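The sequence and the model are shown first.

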Amino acid sequence: LKVINYIAPDLTNLLQKIDGKEVKVKDQKIRLATKNAPLKNIDMSMKENFLNTLSDPNFAYILLMIGMWGIFFELSNPGAIFPGVIGGISLILAFVAFQTLPINYAGAFLILLGIIFFIAEIKVTSYGLLAVAGTICLGLGSIMLFESPEPFLRVSWKVILPAVIATGGFFTFALTMAIRAQMVQPTTGAQGLIGEIGVARSKLSPGVEGKIFLHGEFWNAISDDPVEEGEKVKVVAVDRLKVRVKKLENP
């Protein structure tokens, strides 16, 4: 197919095969003398080594994930600084790597959409549906991120699976903790008084405000039922500095 000129198993064999070949350089024909030519290996510089590592699809993908996590934590906790700095640097390095890789923008947008779904799950009550959608988008986007038939130009499953599982697991854990926190009865503030037991310090009757002793404090109280002084009452509602109580049936 005239795609290549020679097939050689190593550099020495190649130099022997091209010895005597004429090549054209700046309109001049030059005959190569490579059979016994001295060899000089030129190693990559520190900058070239760094860029070579950066252009690895797995490394670029990890940088992308670290960048998104860092920005997410910075937005969730403004003023933390460290996550934002690390996230910003990682994203910039990831974008530099993407310039040398066959990136598929559909995959990148799917990953971004997955992160948006995860953030929305914390803000919107979807009972886990958004977290599931985010995990699916993140997984599909990771698979599609680099468009190449060559395995070395795609993200390895050994990198994709831990990243997707860790991200989905974290947001599932955060969602579970948030739901538990919402279901736990408040123990502080005005709402924390609901359900507490106090003692009437004056007679209470419908339309007549009285006093109860609760948590070492005297509170103004009202009741829809008659309550005698000294009887135990249960707080059913709180309105600013006044509580609504009912007589405790089985003190």
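## Cores, rings and salt bridges

In this predicted model, the largest nonpolar core has 27 residues, and those with the most contacts inside it are Tyr61, Leu64, Phe98, Ile111, Leu145 and Phe146. Four helices each supply at least two residues of this core: α3 (57-76), α4 (82-98), α5 (105-123) and α7 (157-183). Helix α3 gives the largest share, eight residues. Another core lies apart from this one; it has 13 residues, including Leu214, Trp219, Ala221 and Val238.

Leaving aside residues up to four places away in sequence, Tyr61 touches Ile111, Ser142, Leu145, Val155, Val159, Ile160, Ala163 and Val164. Of these partners, Ile111 and Leu145 are also listed among the core residues with the most contacts.

The aromatic rings come next. A search of the whole structure finds three aromatic pairs. In one of them, the ring centres of phenylalanine 95 and phenylalanine 98 are 6.2 Å apart and the ring planes stand at 55 degrees, so the pair is tilted. Both residues belong to helix α4, where they are three residues apart, about one turn of the helix. Their surroundings can be compared through accessibility. Phenylalanine 95 is partly exposed, with a relative accessible area of 47%, whereas phenylalanine 98 is buried, with a relative accessible area of 9%. Together with Phe146, Phe95 and Phe98 form one aromatic cluster.

Which residues of α6 are buried? They are Ala131, Gly134, Cys137, Leu138, Gly139, Gly141 and Ser142. Ser142 is also one of the residues that Tyr61 touches.

Charged side chains form a further group of interactions. The count of salt bridges comes to four. Three of them are set out below.

| Salt bridge | Distance, N to O |
|---|---|
| Arginine 31 and glutamate 22 | 2.8 Å |
| Lysine 242 and glutamate 209 | 3.1 Å |
| Glutamate 231 and lysine 247 | 3.2 Å |

In the pair of arginine 31 and glutamate 22, arginine 31 is exposed, with a relative accessible area of 54%, while glutamate 22 is partly exposed at 43%.

The side chains of lysine 242 and glutamate 209 also meet in a salt bridge. This pair links distant parts of the chain, 33 residues apart: lysine 242 is in strand β7 (residues 242-247), and glutamate 209 is in the loop between β3 (197-200) and β4 (210-214). Lysine 242 counts as partly exposed, at 31% relative accessibility, and glutamate 209 is partly exposed, with a relative accessible area of 40%.

Glutamate 231 is partly exposed, with a relative accessible area of 22%, and lysine 247 is partly exposed, with a value of 32%.

Key: Residues are numbered from 1 along each chain as its sequence is written. This is a predicted model: local features need pLDDT of at least 70, side-chain atom pairs count only at pLDDT 80 or more; totals for chains, interfaces and linings use all residues. Side-chain values use heavy atoms; hydrogens and water are left out. A nonpolar core is a set of buried Ala, Val, Leu, Ile, Met, Phe, Trp, Tyr and Cys residues joined through side-chain atoms within 4.5 Å. Buried means under 20% relative accessible area, exposed over 50%, partly exposed in between (1.4 Å probe, protein chains only). Contact means heavy atoms within 4.5 Å. Rings of Phe, Tyr and Trp (its six-membered ring) pair if their centres lie within 6.5 Å; planes under 30 degrees apart count as stacked, over 60 as edge-to-face and the rest as tilted.
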